[in-house]
Amino acid sequence: MSKKALLALLIAVLAPVVSYVAVKWSSETAISMPRHYYVDTVIEKVVDGKRSSDTVWHRTANIKLINQLGDSVSLYDIQDKVIIVDFFFTRCPNICPTLTRNMAKLQQSFSHYNEGRKVIDSSIVRFVSFTVDPKRDSVKQLKNYADRFGVDHDNWWMLTGNKKDIYNFGINELRLGMIDGEGVDTAFMHTDLFTLLDKNYMVRGYYHGLDTTSLSKLAEDVGLLMLEKDRNKERNLFRK
C-alpha cells in the first residue's frame, strides 16, 4: 500500500473518532450550563445490581392569563423556546420603567435584518411580564405601556388576570419574594429579578434586571440553553 493510500485510510478511520472526542470534550468540559434549581423528587433504582438515582427537577406549572392584545394565553403555549420572566406594574414609580427598558434592550438583541428591516427573532426566546397590580392594569393600560417601550407584541407578553393566580405563580412556582401593596403604588414589593426558564419550563437562573453585568450573563445563558438542546441531539446521533 502506498504512503498516500495509507494516509487516506488513517484519516478516514480517525476523523469520526476525533470529531466525537471534540464534541464530548466541549460539552462536558469547556461549557458550564446554567444549573437547575428546585427538586421535586429523587428516584432511586437498581439496574443489574447497581444502584442509581434520577433527580426529577421542578417543572413550573402552567398559568392562563390575558395579554396586552386581549388574547387568552398560557405559559405552555410557548413551545420549544427559552423564556425570560419578570414582574412589574404600569403605575410603578421607581424600578419598573428601568426593568422594562432593559428587557426591551434584551428583546432587541435577539434580532436580525431581513430585506433591510430589523426583525425580532422569536424562534429563540420569548419574554413574559406579569403585572402585580392586575386590578388597575387592564388590557388597554398594558397595551399603552408596551407601546411606550417599543415592545414587539408577537414576542413579548404583558399579562393581567386573576390576582391570586399571578401571586401564587410568582411565589410558589418561581420562588420569588412578592408582597401585595393593596392598591397603594409605593407599597407594592416585587422583585427586580428576571427569571430564566428552559424549554421544559424549569428554572435555570435569576438575574438582576437593573445590573448590566447580570443581564449580560442572562443573554449568555439563553444561548447556552439553546446549545444544550442541540447537543442532546448530537449525543443521540453518536449513540446511533
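Let me start with disulfides, meaning pairs of cysteine sulfur atoms within 2.5 Å: the structure holds zero of them. A disulfide is a covalent bond between the sulfur atoms of two cysteines. As for individual cysteines, Cys92 counts as buried because its relative accessibility is 7%, and Cys96 counts as buried because its value is 0%. Here buried means under 20% relative accessible area, exposed means over 50%, and partly exposed is in between, with a 1.4 Å probe and protein chains only.

Please keep in mind that this is a predicted model, in which local features need pLDDT of at least 70 and side-chain atom pairs count only at pLDDT 80 or more, while totals for chains, interfaces and linings use all residues. Residues are numbered from 1 along each chain as its sequence is written, and side-chain values use heavy atoms, with hydrogens and water left out.

Now the chain as a whole. The protein chain has five helices and eleven strands, taken as DSSP runs numbered from the N terminus, with H or I over at least four residues for helices and E over at least two for strands. Of its 240 residues, 40% are buried, and the accessible surface comes to about 13,600 Å², with 54% of that belonging to carbon and sulfur atoms; the areas come from the Shrake-Rupley method with a 1.4 Å probe, and for residues only the protein chains shown count as cover. If we take contact to mean heavy atoms within 4.5 Å, then among contacts between residues at least 6 apart in sequence, 65% join residues at least 24 apart.

Which residues have the most contacts inside the largest nonpolar core? They are Ile84, Phe87, Phe130 and Leu218, in a core of 52 residues, where a nonpolar core is a set of buried Ala, Val, Leu, Ile, Met, Phe, Trp, Tyr and Cys residues joined through side-chain atoms within 4.5 Å. The largest share of this core, six residues, comes from β5. Leaving aside neighbours within four places in sequence, Phe87 is in contact with a list of residues that includes Leu99, Phe130, Val132, Ile166 and His190.

Turning to the helices, α2 has among its buried residues Cys96, Leu99, Met103 and Leu106. Its 14 residues should span 20 Å at 1.5 Å a residue, and the end C-alpha atoms are 20 Å apart, which agrees; the expected span is 1.5 Å times one less than the number of residues.

In α3, residues 139-148, the buried residues are Leu142, Tyr145 and Ala146. They cover an arc of only 100 degrees around the axis, which puts them on the same side of α3, the arc being that of the directions from the helix axis to the C-beta atoms. Those buried residues pack against β5, α2 and β9, whereas the face turned away from the buried side carries the exposed residues Lys140 and Arg148. After α3 comes Gly150, with a positive phi near 70 degrees.

Gln68, in the loop between β3 and β4, is buried, with a relative accessible area of 2%. Ser74, in strand β4, is buried at 7%, and, leaving aside neighbours within four places, Ser74 is in contact with Asn62, Ile63, Lys64 and Trp157.
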